[in-house]
There are 2 protein chains.
Amino acid sequence: MTSSAHYLINGESDNWLSPLDRGVAYGDGVFRTLKVNHGLPVAWAPHYQKLEQDCSALGIVCPGPDILLADIERLFTPDEEAVAKIIVTRGIGPRGYAVPPAASPTRIVIREAFPQYPSINYDQGVNLHLCQLRLSHQPRLAGIKHLNRLENVLARSEWSDPSIAEGLLLDEDGLVVACTMSNLFARFGKTVVTPVLDKCGVAGITRQRIIDNVQNMGYQPEIRQLHLDQLMQADEIIICNSLFGAWQVRSLNNRVWLPQDLASHIRTILQE
Amino acid sequence: MTSSAHYLINGESDNWLSPLDRGVAYGDGVFRTLKVNHGLPVAWAPHYQKLEQDCSALGIVCPGPDILLADIERLFTPDEEAVAKIIVTRGIGPRGYAVPPAASPTRIVIREAFPQYPSINYDQGVNLHLCQLRLSHQPRLAGIKHLNRLENVLARSEWSDPSIAEGLLLDEDGLVVACTMSNLFARFGKTVVTPVLDKCGVAGITRQRIIDNVQNMGYQPEIRQLHLDQLMQADEIIICNSLFGAWQVRSLNNRVWLPQDLASHIRTILQE
């Protein structure tokens with residue numbers, strides 16, 4: 001099932017994880033998923049910055065960038081396109097929610113094969129499922145890519161049809177948040193809107209890179225509340241993450257959008 | 001830090017946890033914490049029933065009771081009072097939120113020393129901190145003792161004063177839910193109220209045992225919404241869990257309650 005995976009725990013290849021690690025006890029940690037090209041992590045600077053911010057939000061000391069880059073160098077060969085998953089937990093602790101003052105963070109770097117995405121996702125766009133599960137509001141955790149991801153697991157289990165690439169998530173007020181493993185943009189004319197993520201959702205670095213660059217493409221970025229009925233009126237919908245880049249949404253909730261140019265423009269920008 | 005801890009993973013003492021386990025990746029699992037007296041788990045029937053219910057709510061196949069009891073028998077000696085923590089995760093899986101159809105659950109049984117609770121907690125009651133963190137509403141996960149516990153970790157980190165035993169948690173609407181590691185009852189005359197847990201919180205088995213038995217003690221149990229200002233008018237407040245049993249609340253939010261009898265009555269009932 002995971003025969004292609006290899007990993008280092010605190011830099012050691014023969015390490016395993018302690019069942020007393022707070023990562024498993026409480027999901028007390030954060031993670032990143034990134035593309036590695038020819039042994040080099042893509043968009044490393046924003047990925048590391050976000051990892052550090054997320055660690056800081058939970059009061060976890062983030063391992064230094066050189067330590068993580070050394071792990072990546074050891075795990076990945078220069079001749080492949082692969083995925084790195086980095087997990088940083090608060091470390092091993094005694095039973096109980098109180099944060100151990102002397103906890104030493106656990107860092108895990110996992111190498112996995114790059115997914116074989118269908119080419120139709122890039123050419124024609126993807127079909128979205130509208131998830132029944134509504135994301136809960138927790139401002140203290142909103143935006144952080146932490147290890148408490150049962151909502152995503154439950155949402156992803158709502159469909160098994162392989163022609164559906166992603167699931168759209170609304171929050172408990174019915175506002176659009178994101179998809180289960182990607183962020184979302186909606187184009188209205190020359191304005192490109194992405195939902196504000198102050199109550200739930202993960203603020204991915206590809207989302208931020210698009211916000212930062214879309215003006216150079218002639219569009220105005222806007223971060224605001226987005227209702228489902230507004231989303232359904234969009235000229236174009238794009239979903240994005242660090243692995244597939246950007247895909248246009250082809251269908252959602254009985255509406256179909258014909259292929260347009262924004263997703264491929266964004267992919268070009270993301271490759272620079 | 002945890003030198004007294006010993007554990008079995010899938011029944012093996014020399015096992016460690018895979019970093020690819022969905023328990024750490026997503027907090028995709030459930031747990032129990034219970035008292036073990038002379039090698040025998042206390043209130044095993046309700047603990048196992050709840051473990052099975054919680055597994056079922058997430059679509060995880062629960063290990064059979066005999067398998068878990070055999071683990072406990074191997075880990076615990078007949079001459080001690082100790083704590084068993086049981087974790088069941090969905091098991092190892094490839095990257096991605098989709099539930100692997102062939103995932104085989106991971107079971108972890110950990111032995112820890114029984115906590116040395118201050119005797120004043122039993123004699124005089126405990127002081128509660130009113131947590132700033134508000135619990136989010138997720139009806140799909142409410143009541144389940146799952147591994148997504150960052151809210152509890154954040155709430156517990158709000159105080160370090162050792163004279164404060166617990167923190168009271170309100171939900172996003174300001175309703176009383178529970179404490180960080182215990183459930184709560186408020187007595188009004190002959191009625192004993194505990195908050196309804198259909199939007200958040202953990203429905204502990206000690207809470208259920210008290211609901212089931214309080215009528216024999218001459219009280220009427222009531223499960224309903226409870227506002228903080230109502231709670232502050234209670235004749236008596238009790239918190240409970242499987243380890244300490246029941247403690248009266250001595251102080252909360254500038255009100256002090258003198259020691260009364262309900263907590264010790266409940267402890268007697270729980271020992272039967």
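This is a predicted model: local features need pLDDT of at least 70, side-chain atom pairs count only at pLDDT 80 or more; totals for chains, interfaces and linings use all residues.
Residues are numbered from 1 along each chain as its sequence is written, and chains are lettered from A in the order in which they are written. Local features need pLDDT of at least 70, and side-chain atom pairs count only at pLDDT 80 or more, whereas totals for chains, interfaces and linings use all residues.

Chain B is superposed on chain A by a rotation of 180° with 0.0 Å of shift along its axis, at an RMSD of 0.0 Å (least squares on the C-alpha atoms of residues with pLDDT of at least 70 in both copies). The two copies are thus related as by a two-fold rotation axis.

In chain A, five strands form an open sheet with antiparallel pairing, in the order E1-E5-E4-E2-E3; strands pair if DSSP finds at least two bridges between them, and strands are DSSP runs (E) of at least two residues, helices runs (H or I) of at least four.

| Strand of chain A | Residues |
|---|---|
| E1, edge strand | 6-9 |
| E3, edge strand | 40-41 |

In helix H8 (residues 262-271) of chain A, the residues A:Leu262, A:Ala263, A:Ile266, A:Arg267 and A:Leu270 are buried, meaning under 20% relative accessible area with a 1.4 Å probe, protein chains only. They cover an arc of only 135° around the axis, which puts them on the same side of H8(A), the arc being that of the directions from the helix axis to the C-beta atoms.

Key: Side-chain values use heavy atoms; hydrogens and water are left out. Buried means under 20% relative accessible area, exposed over 50%, partly exposed in between (1.4 Å probe, protein chains only).
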